[in-house]
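Visitor: I have a model open and would like to learn how to read its features. Could you take me through them?

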Amino acid sequence: MRIRDVLRNKGAAVVTINPDATVTELLAGMAERNIGAMVVLGPNGVEGIVSERDVVRELHTHGARVLAAPVSKIMTTVVATCSKADTVDAISALMTENRVRHVPVMENGELVGIVSIGDVVKSRIDELEAEHAQLQSYITQG
């Protein structure tokens with residue numbers, strides 16, 4: 001299965017945030033949408049990604065004053081990305097190697113989607129269920 005298939009099933013909407021937004025605004029947006037990360041989108045495109053983990057680490061280190069800081073101060077700037085043509089297995093390996101749970105999908109320098117570890121797991125379960133159904137059909141008809 002390819003990332004394009006995952007996006008076709010889940011949709012390509014990506015929640016983004018401005019690098020100048022505060023961490024409090026980030027947390028409000030993540031809570032409202034029940035998501036674990038946002039892509040940081042600036043005037044030149046993707047500038048980073050910020051996750052719940054980033055916030056927790058900064059809160060531990062700097063305390064509550066981090067809530068007033070801009071997202072740009074806590075975001076991850078080296079972002080692991082993928083394309084629609086990549087396989088789900090390749091993205092699963094990428095997530096494991098880079099210890100990330102969210103991977104933005106880029107095409108021709110443009111942000112076109114995002115894939116989470118939950119999306120990867122769901123696609124694998126769907127594949128296994130389809131395979132199971134095919135084997136069940138083969139056994140009962142054979």
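Guide: Five helices and five strands make up the protein; helices (H or I, at least four residues) and strands (E, at least two) are DSSP runs, numbered from the N terminus. Starting at the N terminus, the elements follow the order α-β-α-β-β-α-α-β-β-α. This is a predicted model, where local features need pLDDT of at least 70, side-chain atom pairs count only at pLDDT 80 or more, and totals for chains, interfaces and linings use all residues. Residues are numbered from 1 along each chain as its sequence is written, and side-chain values use heavy atoms, with hydrogens and water left out.

Visitor: Where is confidence lowest, and where is it highest?

Guide: pLDDT is the predictor's confidence in each residue, from 0 to 100. Here the protein has a mean of 93, with 99% of its residues at 70 or more. Helix α5 (residues 117-141) has the lowest confidence, at a mean of 84, while strand β1 (residues 16-17) has the highest, at 98.

Visitor: How should I read a sheet, and in what order do the three strands of the open sheet lie?

Guide: Strands of a sheet pair through backbone hydrogen bonds, either parallel or antiparallel. Two strands count as paired if DSSP finds at least two bridges between them. In this model the open sheet has the order β1-β2-β3, with mixed pairing. Its edge strands are β1 and β3 (45-51), each pairing on one side only. Strand β2 (residues 37-42) runs antiparallel to β3, joined by six bridges; L41 has V46 in β3 as its bridge partner. Helix α2 (residues 23-33) packs on this sheet and touches β1, β2 and β3, where contact means heavy atoms within 4.5 Å. The direction of α2 makes about 130 degrees with that of β2; axes are lines fitted to C-alpha atoms, for helices over the stretch in contact, and angles run from 0 to 180 degrees between N-to-C directions.

Visitor: Which residues of α2 are buried?

Guide: An α-helix has 3.6 residues a turn, so residues three or four places apart point the same way. Buried means under 20% relative accessible area, exposed over 50%, and partly exposed in between (1.4 Å probe, protein chains only). In α2 the buried residues are V23, L26, G29 and M30. They line one face of the helix because, seen down its axis, they fall within an arc of 120 degrees, the arc being that of the directions from the helix axis to the C-beta atoms. Their cover includes β1, β2, β3 and α3 (52-62). The face turned away from the buried side of α2 carries the exposed residues A31 and E32. Just after the helix, N34 has a positive phi of about 55 degrees.

Visitor: What do β4 and β5 form?

Guide: They form a hairpin with two residues between the strands, and N108 in the turn takes a positive phi of about 55 degrees. Strand β4 (residues 102-107) and strand β5 (residues 110-116) run antiparallel, joined by six bridges. Across from V103 stands V115 in β5.

Visitor: Which residues does the UniProt annotation "domain: CBS" cover?

Guide: According to that unreviewed entry, residues 8-66 and 75-131; such annotations may be inferred rather than shown by experiment. Residues 8-66 are 42% helix and 25% strand, and residues 75-131 are 46% helix and 23% strand.
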